[in-house]
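Colleague: I would like to go through the terms used for this model and see what each one rests on. Please set the values against the cut-offs.

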Amino acid sequence: LHPETIVVSQPGSNAPRKGGRVSVTTNSSRVVHSFVVALWTLCWVSQTALLQARLETAKSYVERGNQWMKKGETERAIADYDLALQFSADAKSAYYNRAIARQLKRDLDGAISDFTQVLRLDPRQIESYVNRAALFYQKREFAASIADATNAINVNPNIAEAWHNRG
């Protein structure tokens, strides 16, 4: 880089301060490079902290939803799981727990949808296959039920409930 001149103006004005130019000259690209690296690092650290805070907030909503479930407050639990998913769309536990809550409320399609999201995030999550197989069976979608039971067995052949659901 070539030496640069920085002109400092009064705030809100396009004119240079006190009618003259204030110059700062750098004769090394190292200063500019160091500034860019420091700025990038600050942005990265800030983004990392923000993401961590969002994950912690999502976990807090999941935990509160779990407490509502223990008290039998299914609607409140679902609302907290919804909030958790607003903070982290990859909150597998929020999808799983909301699926259980929806299953209790007899919202079979909603529960199936949530178990599907869990399996999208973790294709080896046996409990989601087993639960979704049971829901498909309740809906009389037998081919889908057998497919999920088979998937659970493929992940772990020692799951008795999957063998039972498969028939």
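Modeller: A definition comes before anything else: rings of Phe, Tyr and Trp, the last by its six-membered ring, count as a pair if their centres lie within 6.5 Å. On that basis a search of the whole structure, which is a predicted model, finds three aromatic pairs.

Colleague: What makes Y96 and F115 an aromatic pair, and why is the pair called edge-to-face?

Modeller: The ring centres of Y96 and F115 are 5.6 Å apart, and the limit for a pair is 6.5 Å. The planes stand at 65° to each other; over 60 degrees counts as edge-to-face, so the term applies.

Colleague: How do you know whether F115 is buried or exposed?

Modeller: Its relative accessibility is 0%. Buried means under 20%, so F115 counts as buried.

Colleague: How are helix 5 (residues 126–138) and helix 6 (residues 142–155) oriented to each other, and how do you know?

Modeller: Their axes come within 8 Å and cross at roughly 160°. Angles over 145 degrees count as roughly antiparallel, so helix 5 and helix 6 are described that way. The crossing of helix 5 past helix 6 is left-handed.

Colleague: Which residues make the contact between helix 5 and helix 6?

Modeller: From helix 5, I126, Y129, V130, R132, A133, F136 and Y137 take part; from helix 6, F142, A144, S145, D148, A149, N151, A152 and V155. By class, 11 of the residues in this contact are nonpolar, two are polar and two are charged.

Colleague: What share of the contacts comes from residues 24 or more positions apart?

Modeller: Among contacts in the protein with a separation of 6 or more, such residues account for 37%.

Conventions
Residues numbered from 1 in each chain as written. Predicted model: local features only at pLDDT ≥ 70, side-chain atom pairs only at ≥ 80, totals over all residues. Heavy atoms only, no water. Axes fitted to C-alpha atoms, helices over the stretch in contact; angles between N-to-C directions. Helix = DSSP H or I, 4+ residues; strand = E, 2+ residues; numbered from the N terminus. Parallel < 35°, antiparallel > 145°, perpendicular 65-115°, else oblique. Left-handed = near helix turned anticlockwise from the far one by under 90°. Contact = heavy atoms within 4.5 Å. Nonpolar A, V, L, I, M, F, W, Y, C, P; charged D, E, K, R; others polar. Phe/Tyr/Trp six-rings, centres within 6.5 Å; stacked < 30°, edge-to-face > 60°. Buried < 20%, exposed > 50% of the residue type's maximum accessible area, 1.4 Å probe, protein only.
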